[in-house]
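Trainee: Hi, I've never looked at this one before. Can you walk me through it?

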Amino acid sequence: MGGRLLNKMAETKKTKYQVTVGDDSAGLKTLTFDEINVGDELPRYTKWITSKSGIKFGRTYKDVFSGHINPNVSEGQFGIRSMPVQGAVIEAGVTPLIINWLRSAKPWLYGGRQETRFIQIAQPGDTLIYHGKVIEKTVESDKKYVTVEVFSENQRGENVMVATARVAF
Amino acid sequence: MQMPEVGVINIKWEDLVPGKVIASQTYLITQEDIREEAEAYEDYNPLYSDPEFAKHTDMGYVVAPFYITLGEFLPPLMKVGLKMGVNTIYSKSVRESFKPIFVGDVITKTMIVEEKYEKREKKFYTWRIEWRNQEGELVMRHLRTSYWVGTPQPLIRIDRYGREVVE
């Protein structure tokens, strides 16, 4: 443990005012295909659903009246007044989960694939926790793929969404 | 006050013919589009908004998030005067990114009816939404399946006393 810490210190340097800075010449420390193992768990990602969540996404398609932003319409559209957020808002939480884990967006944007199934709605006040676990590593011609099983649960521990995410190296 | 764009013709179940191209729309992708899109999902990774930050990542530039929709299917529908007049519930999706989308790309989003089917007495339909860049390269594909509830989508209006009425 102490040796590892000393090695870390060796990677830094001092300015003329003795301020410690990192080594700019060092390469980016992103996860590689070889460093990933089946069974690895991803750091969890938490997303809070507020009354603003549906409104923010609704702006992208000029929503001014749907049940995602109006409680009266929500009742007629979904059978509840609580304004569930759009499925896209739930689905999009997989992206920060993946990018935070890899410390890179590259394997996600060049050949990434997400297959999602929605289990139940998420509504303002919900806390969604996204979990991911590596289930497969494959090599196909010049591409290497890692597949991650993802689920998002709410504050009651109920599944809201399940997904399979694949990244490409 | 500018009124929102609203399509006038309701899409009917019969209109969903597999293979039929329903609408397409072309966008010049700006940095603001990318930032707004990421913030719409409350994803505040500066990779989507800060060129200086992005320069120090392995992408090198501000890039659109994997989950970019630009309003998904509604703006292209509105453009051709169509709307979803009945309730539908988004049930599953497959999204693939083949290449990143950068600032300055010209993206054409095309909506095609992929399939429709009935399962356990419920109707489902799938949009295939393809995104191609200025080189004609497929950069993203989204298969979006929804449950066709079929009940009229509620609309709100304001009565003469200024009260909101849901119809």
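Predicted model: local features only at pLDDT ≥ 70, side-chain atom pairs only at ≥ 80, totals over all residues.

Trainee: Okay, what's the strand order in the open sheet?
Mentor: The order is β3(A)-β5(A)-β6(A)-β7(A)-β4(A)-β4(B)-β7(B)-β6(B)-β5(B)-β2(B), ten strands with antiparallel pairing. Strands here are DSSP runs of E with at least two residues, helices are runs of H or I with at least four, and both are numbered from the N terminus. Two strands pair if DSSP finds at least two bridges between them.

Trainee: Which strands stand at the edges?
Mentor: β3 (45-48) of chain A and β2 (21-28) of chain B; each has a single partner strand, so one side of each is left without a neighbour in the sheet.

Trainee: And how many bridges pair β4(A) with β4(B)?
Mentor: Six, in the antiparallel sense. A:T116 has B:S93 as its bridge partner in β4(B), and A:A163 as its bridge partner in β7(A).

Trainee: How many residues does each chain bring to the contact?
Mentor: Chain A brings 38 residues and chain B brings 40; two residues are in contact if their C-beta atoms, placed from the backbone, lie within 7 Å. On the side of chain A that touches chain B, β4(A) gives the most, with seven residues.

Trainee: Switching to chain B, what goes on in the hairpin of β6(B) and β7(B)?
Mentor: There are five residues between the strands, and B:G136 takes a positive phi near 80 degrees. B:R132 stands opposite B:L138 in β7(B), and ten bridges join β6 (residues 122-132) of chain B to β7(B).

Trainee: Last one: where is A:P124?
Mentor: A:P124 sits in the loop between β4 (112-118) and β5 (127-140) of chain A. Beyond its neighbours within four places in sequence, A:P124 is in contact with A:I49, A:T50, A:S51, A:S82 and A:M83. A:T50 is 74 residues away in sequence but 4.2 Å away in space, C-alpha to C-alpha.

Trainee: Buried or exposed, or in between?
Mentor: A:P124 counts as partly exposed because it has 15 C-beta neighbours inside 10 Å. Buried takes 20 or more other C-beta atoms within 10 Å, exposed means 12 or fewer, and partly exposed is in between, with C-beta atoms placed from the backbone.

Conventions:
Residues numbered from 1 in each chain as written. Chains lettered and ligands numbered in written order.
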